[in-house]
Amino acid sequence: MSSHQPQGPGNGPPSAGMSIQHQQGIQPPPQPSQSMSQQNLNQIVIEYLVKKGYMRTEQTLRQESAHLDKDGRPIHNHIEELGNIKYTRGYKLLCGWIDQNLDLYKFELNRLPWPIFVYSYLDLIITDAVDDGESFFREFSPEFEKLHADELRVFETIKLRSQVFENSTAKLYRNTKYLLPLNKNVYFNLLTFLESNANSGGTVIIYLLQTYCEVRETERGPMDQYSFEAIINQARGLGSEGDDAGLQEGIPGAFTGVTNKDIMDNTAALKLGPMAMDPDLASDVRAELEEEDRLNTAPLPEGKSSLVDEFDRNIKREDSADGPSRTEIPYPASRARDVIMEVQKIKENRDRFRIDNATEMKTGIAPGVSICMFTFHNTLDSITCVQFSDDNNLVAVGTQESYIRVWNLHGDPLPTKVRSALNDPPASSRRLIGHSGPVYEVSFSPSIEGPANADENTPATNPRLLLSCSADGTIRLWSLETWTCLVVYKGHEGPVWQVKWGPFGHYFATCGWDRTVRVWAQDHISCVRMMVGHDTSVNQIAWHPNGAYVFSASDQADKSIRMWSFVSGECVRVFTGHTDTLSALECSPNGRILASADQSGTIFLWDLEHGKQIKRCRGHHKGGIWSLSFSIETSVLCSGGADGTVRVWDVAVPADPHKVDRNEAVATGGQADATRINAGNQPAAPATVGAKKKGKDTMITPDQISAFPTKKSPVYKVKFTRMNLVVAGSCFLP
């Protein structure tokens, strides 16, 4: 009898057990084929369970096998199941969304990565995931080197859980919630994105924001350093220079970055002075003026200077730090026509009706502004825009029927250089046909009334070109000498809402439905600058008088105004504060003030140099202010709109905005600086039973100088001439 026990399947090497089984006649179970996939195996088992009637077990197996990959490994549907890699996934998800977001919101959203980075790293260290924490730090810390180099050096030394609770900077971040002011729209979009991407890292970001951050929703910004809310807080004394107390961002005692510290300091250098005149042009103009003074032997009236003195005092423009250089913005060489135009500008500047003191005009000491109104009849509400030429001889309108019509304001025939048309009967109007959609805006090239003693050798100074834009997405350049289309400019996607010639010609700006502002050169078929940043369609543009900046306004949800540098294409100012769709923009002749108006009948005046609001003017009824124009001295602003009135405003800030004029009353329940349009010494009419309730009274601010009503004629255009006469265009709508 042998003393050792026979080895079974559980004892000794596998081969020994298998030999015993064969000896005992026991067949081993068949092994699955190596090529059989996990999916095939699951299918075999499911078919077996169905055959045997184990329905609940079959359903459970189906549900669990749906979360397995092809190799049988479980698929993690929740980011928490991935372990410490969830912080990396969440951070990348957030940064990727910010990079793809609209430029309008990026300034606010760029505040998020720093606190998310800090609290993700500290959480990894607290959970003793030192290796994962160091990997996370190495991967994402370089993007904060510029603003947070000192704090990164501190966090780099924290490697243990105990150090998080001992380090002063880490304790400051852990024990104090990080304040994040975010616009309501931005915060809603952020939460919507994170919740829809919860399994990709969104839940981690939501957890960090809820645990360590305090998001404060703001009504309208601050969307960047020039926001309306930031400016108002500064004006109220809620923040000092270089202080971000008004924004309440970050942690008290912790550095939140240079960009946040400078958010209240609008110090971006602007060149708001006049463009330097070409030296050759200046010498030619001076020679012409000297000749004019020599021929004028009559004594000058008291207070009236010679043309040369006027040129030296007001018109001559030399290179200075306050104005752009001609080398920054190239222009074509000057011609004889340019000399004549500059001479005429000096004559008109000297002989103009002066409006130096708008207060005297309001009190009746000085004469008021004169307005010449041109009214179009039988238009059937088809006119979309009205524009006057600078020489006050032509007017052009765009129509819903896709054509343009040009009239001579004096009824004179419009000449043509086309030989085949010389024998045609003379006509005081011309029709320009070419667009395939409604024409939304027209713009005459710069011009001026020619000299009185002009002969056939004197270069003509009348407008030679006309620009138009349309719903067909094109801009057309028309000749006013041959009355034909010369060029079709394409580039915008969708309708082009406005087009404006630059102050010196050659360049023009457009804006459209595609949210872009484009600057074109007359001799280039494609745009030379494209400015992108608005959130919605851009419907208004204006030029700075020195030609170095372009202003744009967006409608619908955006309602912001942006100031773009023509030289660099960058946005240098953003103004926010309008609560309704913007309907008009105009920059003052001195280049220091911007006026903007909206469809609620409100006008804002902005200080360009400091990026602040000067004041708000109210008086127009709702429906929109469609046109604005400054006097030559920038002392008076004229406006016209859908309520059928032309109104004149004092640009200066009143010494006592709460002072009430005679026959006016301070409104109750409204702003202190407003008055009622129907307030006066007359007693109020008693209410009668069944009488129709009157609408809400219109508030008029005291800075309104005068108002000129029309008879059912919305005012499309108002324009101060170089002589300080106002020309206006309206359409009678019976």
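Let's start with an open sheet of 3 strands, ordered 3-31-30 and mixed in its pairing; strands here are DSSP E runs of at least two residues, helices are H or I runs of at least four, and both are numbered from the N terminus. Two strands count as paired if DSSP finds at least two bridges between them. The edges belong to strand 3 (371-376) and strand 30 (715-720), and each has a single partner strand, so one side of each is left without a neighbour in the sheet. On average, neighbouring strands of this sheet are turned by 15° against each other, direction ignored; the axes behind such angles are lines fitted to C-alpha atoms, for helices over the stretch in contact, and angles run from 0 to 180 degrees between N-to-C directions.

A word on the model: it is predicted, so local features need pLDDT of at least 70 and side-chain atom pairs count only at pLDDT 80 or more, while totals for chains, interfaces and linings use all residues. Residues are numbered from 1 along each chain as its sequence is written, and side-chain values use heavy atoms, with hydrogens and water left out.

A second sheet is open too, with 4 strands in the order 20-21-22-23 and antiparallel pairing. Its edge strands are strand 20 and strand 23 (612-618), each pairing on one side only. From one strand to the next, the twist averages 20°. Strand 20 and strand 21 make a hairpin with 5 residues between them, and Gly591 in the turn has a positive phi of about 75°. Of the 6 residues of strand 20 (residues 582-587), 5 are buried, so this strand is largely enclosed by the rest of the structure; buried means under 20% relative accessible area, exposed over 50%, and partly exposed in between (1.4 Å probe, protein chains only).

| Strand pair | Direction | Bridges | Residues facing each other |
|---|---|---|---|
| Strand 3 and strand 31 (residues 726-731) | parallel | 6 bridges | Cys372 and Val727 |

Now to the nonpolar cores, which are sets of buried Ala, Val, Leu, Ile, Met, Phe, Trp, Tyr and Cys residues joined through side-chain atoms within 4.5 Å. The largest has 49 residues, and those touching the most other members are Leu112, Trp114, Phe117, Phe155, Tyr173, Leu190 and Leu209. Helix 6 (residues 113-126) gives the most to this core, with 10 residues. Setting aside neighbours within four places in sequence, Leu112 is in contact (heavy atoms within 4.5 Å) with Leu94, Ile98, Leu180, Leu182, Leu190 and Leu209. A second, separate core of 34 residues includes Ala509, Ile541, Phe566 and Leu585.

Leu289 is 21 residues from Glu310 in sequence and 9.7 Å away in space, C-alpha to C-alpha.

Finally, the whole chain: it has 18 helices and 31 strands, and 47% of its 734 residues count as buried. Among contacts with a separation of 6 or more, 60% come from residues 24 or more positions apart.
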